[in-house]
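Biologist: Walk me through the backbone and the helix packing here. Keep it brisk.

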Amino acid sequence: MTSTSISRQESGSEDQPQEPDDGGAGPREPLSWPARALALGGWGVVVIGVLGVLARISHFAFSVPWREVAEWFIFSTLFHDLIVAPVVTVAALGVGRLRPRLARAPVAVGLIVSGSLVAVSYPRLRGYGESAANPSILPGNAARDLAVVLAVVWAAVIASVVYRLVKDRSVTT
Amino acid sequence: MNLPALKTLRPTAEGLPASSPLRTDRMAAALGVALGVTFTICFITGMISHLVQSPPSWFLWPTRPVNLYRFSQGLHVATGMATIPILLAKLWVVYPKLFRFPPATGVSDALSRVSDGLLVGGGLFLVFSGTANLARWRPWGFGFTSGHYWTALLAYGALLVHIAYRAAKTRRELRDPVNGLISGAVGGLRPGHTPEPTPGSDDHEGSSGAGSGPEEADGGPTDADDASEVEDERVPVLAGPGDHSLTRRGFLGAVGLASAAITVTTVGQSLPWARRLNLLGPRRPGVGAQGFPVNKTASGAGVLEAVESDAALADYRLTIVGAVDEEMELTLDDLRAMPQFEEDLPISCVEGWSANARWRGVRVKDLLARAGAPDGAEVTVVSLQDPSLYASSELNRIQASDNKTLLALDVNGEPLHPDHGRPVRLIGANRPGVQQTKWVTRLEVR
């Protein structure tokens, strides 16, 4: 998030020397022997997975087409990196500009919870798997059920905002 | 954001500048530990389900506890769904590191990044395919079971590699005596708390310069009250300190709340006592013919004509063949004339839902004894249904001799509905639903 208030905070600390971070830049310290063994074991499991996807070993009646598996790995990653992460970032930016300010945290929590619930509900909501011959698959009204749950979530968000505003007013007066 | 800011938004060896103070290594470490736990639960329970369905010779799945598979698979599905917010949160926190430049600093680093790519792609596809499969949506065009299985091996292997590379740093992040999440310094996440940097620590608490360049140039209001709050609240928040947005503790709490909300609104498809809260689960254990769901209908299995009419049922025969003294052919009347037993057993679907029912029928062990099968016999139970992966199932020697393994004729006090396997279905303790073979026509003994 490119928030103004963060920037002021961080600009105030510019004179502090920063330790370089190795968090995402790969290992800069040698791996211990147990870590090397674990990495080797992990690669061993990966190799079994690769052989399975390539149908070199089989645990099932049907093999999987490796090209399509690879495509779905890439598609899943790109969907997250190009759509989900930017959308979340934009949403967070919006929350960071919300007024009253006391509403920001409850709204952020509400959005995180709601987004997760919508993600889980999406396949049922779209009803791709429905079967006219089998009403026990995807029974009930998915949209109504989700609306009920989201209503509860946002009622809690509103209650939290009101509580914070009232509390803030009582403190300042 | 103005143009000078954009110029400073260039990738470094650490990735893009962290645009939110929530994107700390400690946050990544905390979420990573949670993911390590949930992925491990899903991996173990998933492998159990695989072994139960495709048992190698050394694997003998027991019949007790009756609800073990129900628990294991319910846990698999519930944990997988609860993982979604944690996984998305973790990826969001480390997102800037995706844009590291140069992409790798050496061979070991490159291997680590390849492994991380498998972990991310595999992890995302696992939770997506698992969730979609629950609603019987399979857009990937290949078998779910084998695709999910091989993806799990790729992703979990990559997770082990990731842990090997990150465990030491994760431990440091979480045990940091001042700011760590584990060490009782949760106060470090509290608004208004000003943690001191630890000498020698590579922690970059909210005052990190990682994002200072572009953020500084962001411009915006400079209220005096904000400035005072900045002094007071150095702990990062979603949009910036001092503006009452999420603290890091709040962010973790929100992710936990999201996982809990998913669990509470879906776990009722597995847990009978939580059924009333099952608003978002794709299946309802109480909905379906005779009070519980069906995955494969009689019509879908191509057996409706063979089991629907009285005339068809009069023609029904159960045959017992293979390693027996006397191969047999039994009518429905023959079966009903044998001692009948009642058992309360669940249908425990691999898709996580489960439903209790009271079954009545003949013990398989009695049929085997009548045909003269040897002690320790194993049995293949064959269905009338069209050839498919699930047109037969195996009973190991423990299952075949178990008192609770029935060829059921009735459920909940009525003859079986065609969709539940009329006239005869297999029902046994601690078995996945796909192995409770319906429309049974033959027992092959060996």
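Biologist: Where is P102(B) found?

Modeller: P102(B) sits in the loop between α3 and α4 (107-134) of chain B. Helices here are DSSP runs of H or I, at least four residues, and strands are runs of E, at least two, numbered from the N terminus. This is a predicted model; local features need pLDDT of at least 70, side-chain atom pairs count only at pLDDT 80 or more, and totals for chains, interfaces and linings use all residues. Residues are numbered from 1 along each chain as its sequence is written, while chains are lettered from A and ligands numbered from 1 in the order in which they are written.

Biologist: Where does α4(A) bend?

Modeller: At V120(A), by about 40 degrees. The bend is the angle between axes fitted to the seven residues ending there and the seven starting there. A proline, P123(A), follows within four residues. After α4(A) comes G127(A), with a positive phi near 65 degrees.

Biologist: How do I read a helix pair?

Modeller: Two packed helices are described by the angle between their axes and the distance between the axes. Axes are lines fitted to C-alpha atoms, for helices over the stretch in contact, and angles run from 0 to 180 degrees between N-to-C directions. The axes of α3(B) and α4(B) come within 10 Å and cross at roughly 140 degrees. These two helices are therefore oblique (under 35 degrees is roughly parallel, over 145 roughly antiparallel, 65 to 115 roughly perpendicular, the rest oblique).

Biologist: And between chains, which residues of α4(A) and α3(B) make the contact?

Modeller: The axes of α4(A) and helix α3 (residues 68-94) of chain B come within 10 Å, crossing at roughly 135 degrees. I112(A), S116(A), A119(A) and V120(A) make the contact with M81(B), I84(B) and P85(B). Contact requires C-beta atoms, placed from the backbone, to lie within 7 Å.

Technical notes: Contact = placed C-beta atoms within 7 Å.
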